[in-house]
Amino acid sequence: MKNYKPKGRLAPEAYIKGILNGDRVLLSRAITVIESNLESDKTLAKEIIQAILPYSGNSIRIGITGVPGVGKSTFIEAFGKHLVSKGHKVAILSIDPSSQRSKGSILGDKTRMEELANMEEAYIRPSASGDTLGGVANKTGETMLLCEANGYDVLLIETVGVGQSETAVHGMTDFFLLLMLAGAGDELQGIKKGIMEMADMVVINKADGDNITMSKMAKRQYQNALHIFPLAESGWSPVVSTASAIKGIGIDKVWEEVGNFKKLVDENGYFIRNRNHQQIQWMYNNINEELKHLFYGSKDISSKLKGLEKDIISSKISPVKAAQNILNDFKKSF
């Protein structure tokens, strides 16, 4: 067994035991290992994941996204507190935008969800999106497994915003929740059809005060829009409701619908089919990531790419031909 202590790391058994015993400090330290790009940490991470795998999967994974200004953090805090009051342990994995210089998280949900962060039954882990396609943290899937093995039975995955990241988060969660606003001009607010099609539930947030009437109108509009789409493979018909996270109104309705969804997909077998599909897709995603790192991590390839860039700029070779040449060279190295 390799000794990781010189790097400030523990032996795999220490992380594994801590996670399975519900130790939040060791959970956080294990997630740090998972998120690391150091080769020694990658080896350690694989051992941890393999050991806790049989103890994971026992949660409902909920993806949450919404338009800018919709009040995601306020909603998630209200929703999380409601879940805790119902006896659940909640983990919030928030994918924050990254600084392009430091690659670090530039938001920080612990400061935006102060009450929830102080609850023993809740765990908040902001993760920088880095350079991962779509803004989804590269290790979110592994982090979910660790949280489940640590005893969290509801996982809330908050995305950066409306964009490519939703597709990735939808592909790793069980229930997809879209938060919207009323009274902000066009009620569909430029939301892409694909994101609407992914939604299992649309919640019109900030439905309070003078905004109540507009929220009810928006609810009807979204209901009409969702009826255009064909029935999802899950057999579930998307639900639209209104809520005021700041006043705690309508939050219980959201959890009620999650329960209705879970009951349906358990009965028709979709829940386990979807989880199995996600596991297989996860394997392919990891293969793609490893191939990308193998390719761009090669010093020989890196040197040749710089030369090809100059040839493309000077019109000596087409981008398509350049790509084919470098890939042929890469294949010859095996």
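This is a predicted model: local features need pLDDT of at least 70, side-chain atom pairs count only at pLDDT 80 or more; totals for chains, interfaces and linings use all residues.
Figure 1. The phi angle of serine 315 is near 65°, a positive value in a residue other than glycine.

**Figure 2. Lysine 206 in the loop between strand S6 and helix H10.** Which elements stand on either side of the loop that holds lysine 206? They are strand S6 (201–204) and helix H10 (212–226). Lysine 206 is not a glycine, although its phi is positive, at about 60°. With a relative accessible area of 36%, lysine 206 is partly exposed, since that class lies between the limits of 20% and 50%.

**Figure 3. Serine 36 in the loop between helices H2 and H3.** The loop that contains serine 36 lies between H2 and helix H3 (39–52). Is serine 36 buried or exposed? Its relative accessible area is 12%, and residues under 20% are classed as buried, so serine 36 is buried. When residues up to four places away in sequence are not counted, serine 36 touches Arg9, Asp41 and Lys42.

**Figure 4. The pairing of helices H2 and H7.** Helix H2 comprises residues 24–35 and helix H7 comprises residues 140–149. The axes of H2 and H7 come within 10 Å and cross at roughly 160°. Angles over 145 degrees count as roughly antiparallel, and H2 and H7 are therefore roughly antiparallel to each other. Their crossing is right-handed. On the H2 side, the residues in the contact are Leu27, Ala30, Ile31 and Ile34; on the H7 side, they are Glu142, Thr143, Leu146 and Cys147. Divided by class, the contact of H2 with H7 has six nonpolar residues, one polar residue and one charged residue.

**Figure 5. The packing of helix H1 with helix H3.** Helix H1 (residues 12–20) and H3 pack with their axes 9 Å apart, at an angle of about 40°. That angle makes H1 oblique to H3, because it falls between the limit of 35 degrees for roughly parallel and the range of 65 to 115 for roughly perpendicular. The crossing of H1 and H3 is right-handed. H1 contributes Pro12, Tyr15, Ile16, Ile19 and Leu20 to the contact, while H3 contributes Leu44, Glu47, Ile48, Ala51 and Ile52. By class, the contact of H1 with H3 divides into nine nonpolar, no polar and one charged residues.

**Figure 6. Methionine 198 in helix H9.** Helix H9 spans residues 193–198, and methionine 198 is located in it. Methionine 198 counts as buried at 13% relative accessibility, because the limit for that class is under 20%. Which residues is methionine 198 in contact with, leaving aside its neighbours within four places in sequence? They are Glu166, Thr167, His170 and Phe176. Methionine 198 and histidine 170 are 28 residues apart along the chain, and their C-alpha atoms are separated by 7.2 Å.

**Figure 7. Leucine 264 in helix H11.** Leucine 264 belongs to helix H11 (residues 251–268). At a relative accessibility of 29%, leucine 264 counts as partly exposed. Residues up to four places away in sequence aside, leucine 264 touches Ser234, Gly235 and Trp236. Glycine 235 is 29 residues from leucine 264 along the chain, and the C-alpha atoms of the two are separated by 7.9 Å.

**Figure 8. Helix H12 from end to end.** The buried residues of H12 are Tyr270, Phe271, Asn274, Arg275, Gln278 and Phe295. An α-helix has 3.6 residues a turn, so residues three or four places apart point the same way.

**Figure 9. The protein as the setting of the close-up views.** The protein contains 14 helices and seven strands. Of its 334 residues, 45% are buried. Among contacts between residues at least 6 apart in sequence, 75% join residues at least 24 apart.

Conventions
Residues are numbered from 1 along each chain as its sequence is written. Side-chain values use heavy atoms; hydrogens and water are left out. Buried means under 20% relative accessible area, exposed over 50%, partly exposed in between (1.4 Å probe, protein chains only). Helices (H or I, at least four residues) and strands (E, at least two) are DSSP runs, numbered from the N terminus. Axes are lines fitted to C-alpha atoms, for helices over the stretch in contact, and angles run from 0 to 180 degrees between N-to-C directions. A crossing is left-handed if the near helix is turned anticlockwise from the far one by less than a right angle, and right-handed if clockwise. Contact means heavy atoms within 4.5 Å. Ala, Val, Leu, Ile, Met, Phe, Trp, Tyr, Cys and Pro count as nonpolar, Asp, Glu, Lys and Arg as charged, and the others, Gly among them, as polar.
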